[in-house]
Amino acid sequence: MTNPPPPGGWSDPTWSTQPSSPAPDPTLVAGQPVPTQPGPTNPYAPTDPYAPGDPYAGATVPPGQPMGAYPPPGYPPHPGYGYPAPQKTNGLAIASLVLALVGLTSCGITAPIGAILGHVAQKQIRVSGEGGEGMAKAGIIVGWIITALMVLGIAFYAAAIIFAVTTSDGSGSGSY
């Protein structure tokens with residue numbers, strides 16, 4: 001069977017019925033056969049995900065535990081698997097964030113203490129590897145922002161008092 005000639009009567013050298021070279025053998029890589037089963041020789045060989053087999057082959061059950069039972073709460077199901085143990089949170093990091101946020105309601109008095117504790121907590125966290133780095137950083141940021149707002153408020157209040165004193169005539173003629 002041959003293909004019909006292309007329209008317009010022109011000939012296309014790439015349009016032919018026979019391939020120019022035979023297709024490469026997919027089971028050969030660099031002239032060597034590719035193993036079809038994964039194993040120690042080829043762990044990356046393709047496998048059939050729908051092939052029947054035991055998905056739990058090779059799994060072990062800890063001694064004293066019945067087959068199919070869940071592991072005790074708080075313990076990973078198998079050594080090396082599961083969630084890591086939670087880190088201990090640095091106490092100064094918690095105190096830093098709490099004091100910085102209390103500074104919102106205490107007119108900013110506790111905010112600089114929270115910021116300073118945040119710096120100390122970050123140093124302790126770097127040395128000990130404890131958790132709470134985010135809390136310490138939040139305590140530093142919130143503490144210094146509230147402290148800056150407190151300083152601006154005090155400066156504005158002092159400027160208002162100075163303005164009031166300098167613009168008064170000093171006669172003291174006020175009615176009570």
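This is a predicted model: local features need pLDDT of at least 70, side-chain atom pairs count only at pLDDT 80 or more; totals for chains, interfaces and linings use all residues.
How much accessible surface does the protein have, and what share of it belongs to carbon and sulfur atoms? I looked that up before anything else. The total comes to about 14300 Å², and carbon and sulfur atoms hold 68% of that surface.

**Overview**

I went through the elements next. I get three helices and two strands, running β-β-α-α-α from the N terminus. Of the 176 residues, 15% count as buried. I also looked at how far apart in sequence the contacting residues are. Taking contacts between residues at least 6 apart, 51% join residues at least 24 apart.

**α1 against α2**

I started the helix pairs here. Helix α1 covers residues 91-102 and helix α2 covers residues 111-128. Their axes come within 7 Å and cross at roughly 160°. Anything over 145 degrees counts as roughly antiparallel, so α1 and α2 get that label. I noted the crossing as left-handed.

Then I listed who touches whom. From α1 the contact takes L92, A93, A95, S96, L99 and A100. From α2 it takes A111, I113, G114, L117, G118, V120, A121, Q124 and I125. I sorted this contact by class and got eleven nonpolar residues, four polar ones and no charged ones.

**α1 against α3**

Which way does α1 run relative to α3, parallel or antiparallel? I have the axes 8 Å apart at an angle of about 25°. That makes the pair roughly parallel, since the label applies to angles under 35 degrees. The crossing of α1 and α3 is left-handed.

On the α1 side I wrote down A93, I94, S96, L97, A100 and L101. They meet M135, A136, A138, G139, I140, V142, G143 and I146 of α3.

**α2 against α3**

I did this pair last. The α2 and α3 axes come within 7 Å and cross at roughly 150°, and the two helices are therefore roughly antiparallel. I have a left-handed crossing for α2 and α3.

The α2 residues in this contact are A111, P112, G114, A115, I116, G118, H119, A121, Q122 and I125. Facing them in α3 I found E133, A136, K137, G139, I140, G143, W144, I146 and T147. How many charged residues does the contact of α2 with α3 have? I count two charged, alongside ten nonpolar and seven polar.

**Two spots in α3**

I picked out T147, which sits in helix α3, residues 133-167. Is T147 buried or exposed? Its relative accessible area is 11%, and the cut-off for buried is under 20%, so T147 is buried. Leaving out residues up to four places away in sequence, T147 touches A111 and P112. Both A111 and P112 are also on my α2 list for the contact with α3.

I read 49% relative accessibility for V151, which makes it partly exposed, because exposed means over 50%. I also checked V151 against G108. The two are 43 residues apart in sequence, and their C-alpha atoms are 8.9 Å apart in space.

Key
Residues are numbered from 1 along each chain as its sequence is written. Side-chain values use heavy atoms; hydrogens and water are left out. Axes are lines fitted to C-alpha atoms, for helices over the stretch in contact, and angles run from 0 to 180 degrees between N-to-C directions. Helices (H or I, at least four residues) and strands (E, at least two) are DSSP runs, numbered from the N terminus. Angles under 35 degrees count as roughly parallel, over 145 as roughly antiparallel, 65 to 115 as roughly perpendicular and the rest as oblique. A crossing is left-handed if the near helix is turned anticlockwise from the far one by less than a right angle, and right-handed if clockwise. Contact means heavy atoms within 4.5 Å. Ala, Val, Leu, Ile, Met, Phe, Trp, Tyr, Cys and Pro count as nonpolar, Asp, Glu, Lys and Arg as charged, and the others, Gly among them, as polar. Buried means under 20% relative accessible area, exposed over 50%, partly exposed in between (1.4 Å probe, protein chains only). Accessible areas come from the Shrake-Rupley method with a 1.4 Å probe; for residues, only the protein chains shown count as cover.
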